[in-house]
Amino acid sequence: MAALLPGQATLGVLGGGQLGRMFVHAAQALGYRCVVLDPDAISPAGAVAESHVKADYLDPVGLAQMARDCDAITTEFENVPALALETLAGMRVVAPAAAAVAVCQDRAVEKAHFEAAGVACAPHAVITNEIELAGVDPALLPGILKTSRMGYDGKGQVRVRTPAELAAAWDDLKRVPCVLEQLLPLRAEVSVLVARGSDGQVVNYPVQQNLHRAGILAVTEVPAPAVPADVQAAAVAAARQVVQALGYVGVLCIEFFWLDDGRLVVNEMAPRPHNSGHWTMNGASVSQFEMQVRALAGLPLPEPRQHSASVMLNLLGDLWFPAGDDARTPPWDRVLALPGTHLHLYGKAEARRGRKMGHLNITADTPDAARAVAREAAVLLG
Ligand code: ADP
Ligand code: MG
């Protein structure tokens, strides 16, 4: 495909959340016009795009408008109906493809894809009916029961220790299709961002080490402080293998568990930029959002270079409620007085506990210096 050139083309994104907003910012910086499709009247991405198509993802009128106004269209979240992408693909450039997004929508399908690509995942069983439930290998317990579809930020997951707890948890999850995964002893969690162009070129970012709290990403550090070089190389190789096997076009993020026994297993993947890649906005030569724009537009994909040690702190709505019920604005002036701090707020109307409101990137010459500033920022935000 001939590249869609900056200053001429219009790019569309399905979904109006923060990832869509940062895609729009990156696209606009390059000189593209942007259209966001999101059903909500007010959305973080809709507020910054040149235009906002307010329609459901499967609304034929809304999709037709996207096809009319955009030269190429992407998605900011994996749960957009695959049919929406398929419909648009009949009319416009769409990347990633509906089939690749569909793989990421279902944990069981995703795990089968990892195994087919030769990448190990956690021992698991698929549970879609009573017979599969009864046949679960007890060696998978204790485990985590996860809904196959629609889970995020630890939602749709229940930890279970016994067959009785497993059966009760499956009831609680309304007996929807699930995957039971063995509870693994994690030494560290890492993720790798890769991008693949329509010409098959693949580039990757360095390994990101992630700390989760209550199932939600809290902190990302790059370079990964606790993970040896050979494990990092294995994660990068596995990520590149997966993106090739999918014939994927766009930015993809793969999460891994590094286990106490030294094994590396893949956890899940997201067909889009990822929260753990937000550090690239300030710590790398090309942000993950610019990479997404380039892949969609058919522009060259530069090998990204990390120029600063980076720490990313997720800013959840809880920071707006340090004591009691009255919301405050966190002391951004004091946080921004710290060296190497870069604040990104998503423009959400209202802070709520557990809601991702923004992130703070910290860049420095050395990992120790970045971490020291991150600690100071955390105290101020405490
Ligand atoms: P989500 O789609 O909500 O991100 P994940 O499968 O990534 O779901 O799980 C969220 C977090 O829960 C992981 O980042 C990890 O900290 C923990 N977790 C998930 N699966 C396992 C497992 N099999 N063993 C141990 N911890 C796990
Ligand atoms: Mg995850």
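**Around the ligand and between the helices**

Four strands, β7 (143-147), β9 (178-182), β10 (186-196) and β15 (264-270), each contribute at least two residues to the shell around ligand 1. Helices (H or I, at least four residues) and strands (E, at least two) are DSSP runs, numbered from the N terminus. Residues are numbered from 1 along each chain as its sequence is written, while chains are lettered from A and ligands numbered from 1 in the order in which they are written. This is a predicted model, in which local features need pLDDT of at least 70 and side-chain atom pairs count only at pLDDT 80 or more, whereas totals for chains, interfaces and linings use all residues. The mean pLDDT (the predictor's confidence in each residue, from 0 to 100) of the chain is 96, and 100% of its residues reach 70 or more. For the complex, the predictor gives an ipTM of 0.98 and a pTM of 0.96.

Of the 18 residues around ligand 1, those that come nearest are A122, G154, E181, L184 and H212; a residue is near if its C-beta atom, placed from the backbone, lies within 6 Å. The shell holds 6 nonpolar, 6 polar and 6 charged residues. Here Ala, Val, Leu, Ile, Met, Phe, Trp, Tyr, Cys and Pro count as nonpolar, Asp, Glu, Lys and Arg as charged, and the others, Gly among them, as polar.

Next come the helix pairs. The axes of α3 and helix α4 (residues 98-105) come within 9 Å and cross at roughly 175°. Such axes are lines fitted to C-alpha atoms, for helices over the stretch in contact, with angles running from 0 to 180 degrees between N-to-C directions. The two helices α3 and α4 are therefore roughly antiparallel to each other (under 35 degrees counts as roughly parallel, over 145 as roughly antiparallel, 65 to 115 as roughly perpendicular and the rest as oblique). On α3 the contact is made by A82, L85, E86 and A89, and on α4 by A98, V101, A102 and Q105, where contact requires C-beta atoms, placed from the backbone, within 7 Å. This contact has 6 nonpolar, 1 polar and 1 charged residues.

Helix α2 (residues 60-69) packs against helix α3 (residues 82-89) at an angle of about 45°, with the axes 10 Å apart, which makes α2 oblique to α3. In this pair, L63, M66 and A67 of α2 meet A84, T87 and L88 of α3.

The peptide bond from A95 to P96 is cis, with omega near -5°, and P96 lies in the loop between β5 (93-94) and α4.

Note on methods: Contact = placed C-beta atoms within 7 Å.
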